[in-house]
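Please look over the sequence and the model first, and then walk through the notes below.

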Amino acid sequence: MARRFGRQSGIIGATAAAVVSLGIAGTLAFGNFGTTSQAEAEGIGSAKAKRAAPAPVDPSIVHASDRPGRSLNITIDDGPSPVWTPKVLAVLKKYNVKAVFCMIGPQAKAHPDLVKQVVAAGHRLCDHTISHDTGMNHKPESYQSQQILDAQKMIEDAAGGAHVEYYRAPGGAFTPYSRKLAADRGMRPLGWNVDSKDFEGGTVEGIEATVRGELSNGPTVLFHDAGGERGRTVEALDRLLPWMQQQGYGFGFPQR
């Protein structure tokens with residue numbers, strides 16, 4: 001480009017030469033601007049495409065909190081749900097509590113806006129497989145791999161790039177293979193100590209009593225934001241979270 005515009009006729013006057021020079025500078029400036037922007041855009045796209053995979057983590061099933069002292073880990077399974085996940089998020093925000101959302105792959109794919117809301121609010125993501133097959137520990141390794149890795153990709157794609165940090169087997173159906181597979185891809189196998197039993201129906205008071213009675217078992221508490229009517233879960237959380245705070249509990253995330 002510079003060579004094409006660099007030839008000047010010896011008979012061009014000073015004024016004409018100045019005009020031509022200005023035109024050359026403008027053309028070069030705008031030409032280079034467009035070229036640079038395209039290159040930068042391609043570089044950004046390449047960086048996203050080559051997003052570094054997270055480092056492997058411990059394959060043992062974690063329950064402990066990363067927060068010292070009297071601490072709980074709130075975990076929410078089976079979503080996201082367009083009906084219940086926003087309500088759960090609102091309660092968590094009300095009490096400034098962060099949680100781990102263990103998502104079903106196709107649910108995340110169907111509701112990427114909710115996955116992004118979860119991440120934007122400072123919560124963490126967990127892979128809860130494709131089909132929520134509680135008998136997957138009796139299935140071939142190829143099936144386990146498909147259930148875990150396909151779900152991870154769906155959730156991370158829906159999240160817009162945030163990594164899935166945990167893997168929770170449906171019904172606790174872990175195997176040595178599935179734990180190592182998840183851990184090698186940066187997802188710590190995640191268990192639970194307190195099962196709220198909110199999926200069994202019953203009353204809000206029953207959920208509260210179950211959680212209060214089992215807190216001595218350990219720090220990781222299990223609730224659900226999908227898989228059925230979860231109005232009782234939302235109300236139970238709205239009662240339990242301030243009660244937990246009054247008892248001196250803080251809230252962390254499961255160790256990685």
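Which residues touch the most other members of the largest nonpolar core? They are I74, F101, L215, F223, L241 and M244, in a core of 46 residues. Please keep in mind that this is a predicted model, in which local features need pLDDT of at least 70, side-chain atom pairs count only at pLDDT 80 or more, and totals for chains, interfaces and linings use all residues. Residues are numbered from 1 along each chain as its sequence is written, and side-chain values use heavy atoms, with hydrogens and water left out.

**Nonpolar cores**

- A nonpolar core is a set of buried Ala, Val, Leu, Ile, Met, Phe, Trp, Tyr and Cys residues joined through side-chain atoms within 4.5 Å; buried means under 20% relative accessible area, exposed over 50%, and partly exposed in between (1.4 Å probe, protein chains only).
- In the 46-residue core, α9 gives the most, with 7 residues.
- L241 touches I74, V91, L92, Y95, V97 and F251, leaving aside residues up to four places away in sequence; contact here means heavy atoms within 4.5 Å.
- Another core lies apart from the largest one and has 7 residues, among them V62, C102, C126 and F253.

**Salt bridges**

- The structure holds 13 salt bridges, each being a side-chain nitrogen of Lys or Arg within 4 Å of a carboxyl oxygen of Asp or Glu.
- As background, side chains of opposite charge can pair when their charged atoms come close.
- K180 pairs with D184, and their closest N and O atoms are 2.7 Å apart.
- These two residues, K180 and D184, sit 4 residues apart in helix α7 (residues 176–184), so about one helical turn separates them.
- Both ends are partly exposed: K180 has a relative accessible area of 47%, and D184 has 35%.
- R239 forms a salt bridge with E208, with 2.9 Å between the closest N and O atoms.
- That pair links distant parts of the chain, as R239 is in helix α9 (residues 231–246) and E208 is in helix α8 (residues 204–214), 31 residues apart.
- R239 is partly exposed at 31% relative accessible area, whereas E208 is buried at 10%.
- A network of salt bridges links E205, E208, R212, E235 and R239.
- R232 and E229 also meet through their side chains in a salt bridge (3.8 Å, N to O); R232 is partly exposed at 25%, and E229 is partly exposed at 43%.

- D77 lies in strand β1 (residues 71–77); helices (H or I, at least four residues) and strands (E, at least two) are DSSP runs, numbered from the N terminus.
- With 3% relative accessibility, D77 counts as buried.
- The side chains of D77 and R168 are joined by a polar contact of 2.8 Å. A polar contact is a pair of N or O atoms within 3.5 Å; within protein, one must be able to donate a hydrogen and the other to accept it, and residues adjacent in sequence count only if both atoms are side-chain atoms.
- Leaving aside residues up to four places away in sequence, D77 touches C102, H128, R168, L222, F223, H224, D225 and A226.

**Helix α7**

- S178, L181, A182 and A183 are buried in α7.
- The cover over the buried residues of α7 includes α6 (141–159), β4 (166–167) and β5 (188–189).
- G186 follows α7 and has a positive phi, near 85°.
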